[in-house]
Amino acid sequence: MNSRKEARTDSYGKQEATMIAGIAIILMFIHHFFGFEEYRFYGNGFYEPIKIGGISIERMLAAFGKLCVAIFAFNSGVAIWKKRNNYISPKALLVRASKFLLNYWIVMFLFMAYAIIAKEPVPDMRSLYCNLLGLNTGPEYEYVNVAFAWYVFFYIVLLAISPLLITIFNQTNRKVDILMFMAFSFIPELISNPLWNTIASTLPAAIAGILTAKWNLFSLAGNILRNCHSLLLCISLAIVAITRQTLILFNLTWGGNDAVFALLTILLLAGLTSRQKVSWIKKFLVFLGSYSMNLWFLHSIFFTGSRPLQSILYWPQLSVAILAWGLMFLLPAAILCSNVQHHLWTILKVAAKQHNAHRQ
């Protein structure tokens, strides 16, 4: 890649990616708050006044909200390609994985402390060890756990194979890249194990992010979308959402389904946010995106154990108020966790440097 092409990739820089992460975490909250009746105990519901074909607006948005995971994976793929020198070195990867796990473990520690204080069931030792990697987690487990932490294991796997992905895509042309994407998209069809099927199903979105960054699709799309009216972009986004849900309804999906729709959604959202003149909206999305991973983990607290906090979440009963209330409830904890994570990681880095200095 020459430097000119590489520079154009920055049209989707850190701020843009963080804003998209802020939108993705809102989609995730909508997905989990309103999309799963089985996650909610009796009495913890919400008003659904507007329905189309017997399905409420909230449930429609919740169904589309599932795309949030593919959006996060896509962003990870973009980061891997744009900073590929940092994803080739085993040492750099180990540091990155250690920092990610440390951040997750701090949240997990808070969940265990909450379980003890609230006298909630805790995992046995085997499950606890699995939980350290995001395994054996979910709302279906009776013990307290970071219920939506399965992405932890996916991200560790993604880091582990990132040198291979970078090596492969460094040597391929566009036709081969399309074939490789298709190949990765059909791998889930060959895997019956639920865990590895989930990992393989999420991987195409990260591959799409890598290829989007490699071929500067943000620059190309930006040139096209720049001349589009905001209303047209909104209509296009609605068409993308409707098309995705229609394909799911008629069981016409494939392994790369969400990867493609995540790409289209991000391109359209990036086009909309780039022309957003209301600065506080951008600042708010960047703010949310900065704490998105902690918010991802922390909102599990409403869907784990015997769910004593769930009635607090659904207290407003109006969906928009529930969403706002959930964010307000969790943001202080997300900020606190972020500060603890930063300070602890700084302490560990200083200790490591001192240890290495003594060894020399």
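The legends below describe close-up views of a predicted model. Local features are given where pLDDT is at least 70 and side-chain atom pairs where pLDDT is 80 or more, while totals for chains, interfaces and linings use all residues. Residues are numbered from 1 along each chain as its sequence is written, and side-chain values use heavy atoms, with hydrogens and water left out.

**View 1**
The largest pocket has a volume of about 1,500 Å³. A pocket here is an open set of points on a 1 Å grid over the protein atoms alone, where a 1.4 Å probe fits and protein lies on both sides within 12 Å along at least five of seven lines; lining residues have an atom within 4 Å of a point. The volume is the space filled by probe spheres set on the points, which are joined across faces, edges and corners. The lining counts 35 residues, and Lys14, Arg96, Tyr155, Gly289 and Ser290 are the closest to the centre of the pocket. Two or more lining residues come from each of the helices H2 (14-34), H4 (68-82), H5 (90-117), H7, H13 (279-290), H14 (292-298) and H16. Helices are DSSP runs (H or I, at least four residues), numbered from the N terminus. H4 gives the largest share, seven residues. By residue class the lining holds 16 nonpolar, 13 polar and six charged residues. In this scheme Ala, Val, Leu, Ile, Met, Phe, Trp, Tyr, Cys and Pro are nonpolar, Asp, Glu, Lys and Arg are charged, and the others, Gly among them, are polar.

**View 1. The second largest pocket and its lining.**
The second largest pocket has a volume of about 1,200 Å³. Its lining consists of 42 residues, with Lys66, Trp150, Thr198, Ser201 and Thr202 nearest the centre. H2, H4, H9 (194-214), H11 (230-249) and H12 (257-274) are the elements that give two or more residues to this lining. Eight residues, the largest share, come from H9. The lining divides into 22 nonpolar, 15 polar and five charged residues.

The model has 25 aromatic pairs, counted where ring centres of Phe, Tyr and Trp (its six-membered ring) lie within 6.5 Å; planes under 30 degrees apart are stacked, over 60 edge-to-face and the rest tilted. Phenylalanine 74 and phenylalanine 218 form an edge-to-face pair, with ring centres 6.2 Å apart and planes at 85°. Phenylalanine 74 is in helix H4 and phenylalanine 218 in helix H10 (residues 217-225), so the pair ties together parts 144 residues apart in sequence. Phenylalanine 74 has 0% relative accessibility and counts as buried; phenylalanine 218 is also buried, at 7%. Buried means under 20% relative accessible area, exposed over 50% and partly exposed in between (1.4 Å probe, protein chains only). A tilted pair joins phenylalanine 100 and tyrosine 155, 4.6 Å centre to centre with 45° between the planes. This pair links helix H5, which holds phenylalanine 100, to helix H7, which holds tyrosine 155, across 55 residues. Phenylalanine 100 is buried at 13% relative accessibility, and tyrosine 155 is buried at 12%.

**View 2. Serine 76 in helix H4.**
Serine 76 is found in helix H4 and is buried, with a relative accessible area of 14%. Its contacts (heavy atoms within 4.5 Å), leaving aside neighbours within four places in sequence, are Tyr151, Tyr155 and Leu158.

**View 3. Asparagine 145 in a loop.**
Asparagine 145 lies between helix H6 (125-131) and helix H7 (151-169). Asparagine 145 is buried at 1% relative accessibility. The side chain of asparagine 145 reaches the backbone oxygen of tyrosine 143 at 3.0 Å. Not counting residues up to four places away in sequence, asparagine 145 touches Phe111, Asn131, Thr137, Gly138, Ser300 and Thr304.

**View 4. Two loop residues with positive phi.**
Asparagine 251 is not a glycine, yet has a positive phi of about 55°. Asparagine 251 sits in the loop between H11 and H12 and is exposed, at 66% relative accessible area. Arginine 307, likewise not a glycine, has a positive phi of about 55°. Arginine 307 lies in the loop between H14 and helix H15 (310-313) and is buried, at 7% relative accessible area.

Technical notes. Polar contact = N/O pair within 3.5 Å; in protein donor to acceptor, adjacent residues only side chain to side chain.
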